[in-house]
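Reader: I am new to this structure and would like to learn how to read it, one feature at a time. Could we have it in view while we talk?

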Amino acid sequence: MIRTIAAMGTVVSIEVDAPEAAVAQAFEWFRQVEATCSRFDASSELRQLPVGVATGASPILFEAVSFALQVARETGGAFDPTLGNRLAARGYNRHYATRAVTDAPGEEGASYRDVVLDVDRRTILLQRPLTLDLGSVAKGLAVDAAAQELLPYRDFCIDAGGDIYLGGHNPRGGDWRVGIRHPRNRDELIDRLLVSDCAVCTSGDYERGAHILDPRGGSLQPRVASATVIAPNAMLADALATAAFVLGPEEGIALLDRMGVRGLLITTALERHTTTGFADA
């Protein structure tokens with residue numbers, strides 16, 4: 001059975017044979033993560049972080065920020081969660097549901113290095129005025145939390161607007177089949193995957209690509225039309241797809257290989273670049 005809700009700016013669907021209470025709890029993670037991590041909601045915990053004060057954070061927010069900073073360091077800043085003000089300046093400043101405009105403070109030159117975490121005290125310190133944008137990790141975090149809720153039921157699919165986790169087998173008993181959209185022909189697939197017990201996430205210039213900036217040098221001149229990553233969890237797949245999109249085909253594939261995940265990058269000229277072992281997917 002497939003159930004759906006609207007959350008985090010997209011339609012979230014869950015396909016699983018499980019009690020309604022278990023599915024409801026899985027969906028609840030999307031509401032909780034959104035309420036905690038949204039930069040578009042002035043009342044969210046994320047937007048309540050002050051500048052210059054180490055502030056105690058909930059497990060959800062601390063996990064999201066900590067993971068985002070790890071990816072930022074691993075990618076040399078090609079992924080950076082402190083771009084909220086620059087995204088807002090480009091017009092990405094409205095709540096998807098209410099259409100309310102939110103402010104997004106930030107100093108020129110602020111980066112992920114200006115966010116300091118204390119793991120023992122579970123605090124977050126913003127050393128300069130900046131607006132965190134966790135769009136490339138929060139949805140994946142919600143998918144992963146929902147997947148944990150559904151593990152007892154073994155076979156399930158969670159799809160949050162293209163951030164997908166596939167557990168066990170499909171209703172016919174085989175691996176799950178995932179189609180990768182052609183970045184130029186909306187009704188055409190450029191590849192198909194057969195996967196199980198993993199996440200598949202795609203960043204493309206036809207959808208979220210316009211929201212992706214190169215933190216290292218301003219405007220992104222994309223050489224990649226779509227970046228698909230297969231990883232053990234959705235938070236990692238989503239963040240690395242964003243980073244690979246920014247880095248371009250050569251550096252992007254090198255990053256994915258180094259991180260031990262599988263990936264497919266399609267350039268704007270529709271050339272394919274794949275990681276080691278991608279053909280096994």
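Reader: Is Asp-197 buried, partly exposed or exposed, and why does it count that way?

Author: Please keep in mind that this is a predicted model, in which local features need pLDDT of at least 70 and side-chain atom pairs count only at pLDDT 80 or more, while totals for chains, interfaces and linings use all residues. Residues are numbered from 1 along each chain as its sequence is written, and side-chain values use heavy atoms, with hydrogens and water left out. As for the general idea, buried means under 20% relative accessible area, exposed means over 50%, and partly exposed is in between, with a 1.4 Å probe and protein chains only. Asp-197 has a relative accessibility of 35% and therefore counts as partly exposed.

Reader: Which loop holds Arg-122, and what is the phi of Arg-122?

Author: Arg-122 is in the loop between β4 (115-118) and β5 (123-126), where its phi is near 55 degrees, a positive value in a residue other than glycine. With 37% relative accessibility, Arg-122 counts as partly exposed.

Reader: How should I read a pair of helices, and at what angle do α1 and α4 cross?

Author: Axes are lines fitted to C-alpha atoms, for helices over the stretch in contact, and angles run from 0 to 180 degrees between N-to-C directions. Angles under 35 degrees count as roughly parallel, over 145 as roughly antiparallel, 65 to 115 as roughly perpendicular and the rest as oblique. For helix α1 (residues 20-37) and helix α4 (residues 135-150), the axes come within 8 Å and cross at roughly 155 degrees, and the two helices are therefore roughly antiparallel to each other.

Reader: Which residues of α1 and α4 meet?

Author: Contact means heavy atoms within 4.5 Å. On the α1 side, the residues include Ala-22, Gln-25, Trp-29 and Phe-30, and on the α4 side they include Ala-138, Leu-141, Ala-142 and Glu-149. To sort such residues, Ala, Val, Leu, Ile, Met, Phe, Trp, Tyr, Cys and Pro count as nonpolar, Asp, Glu, Lys and Arg as charged, and the others, Gly among them, as polar. The contact of α1 with α4 divides into 13 nonpolar, one polar and two charged residues. Gln-25, which is placed in helix α1, counts as partly exposed at 33% relative accessibility.

Reader: At what angle does α1 cross α2?

Author: The axes of α1 and α2 cross at roughly 75 degrees and come within 9 Å, which makes α1 roughly perpendicular to α2. Here Trp-29, Gln-32, Val-33, Thr-36 and Cys-37 in α1 meet Ile-60, Leu-61 and Ala-64 in α2, and the residues of this contact divide into six nonpolar, two polar and no charged.

Reader: How many disulfides does a search of the whole structure find?

Author: A disulfide is a pair of cysteine sulfur atoms within 2.5 Å, and a search of the whole structure finds zero of them. For Cys-37, which is in no disulfide, the nearest cysteine sulfur is that of Cys-201, 16 Å away. Cys-157 is in no disulfide either, and its nearest cysteine sulfur, that of Cys-198, is 11 Å away. Cys-37 counts as buried at 5% relative accessibility, and Cys-157 counts as buried at 15%.

Notes. Helix = DSSP H or I, 4+ residues; strand = E, 2+ residues; numbered from the N terminus.
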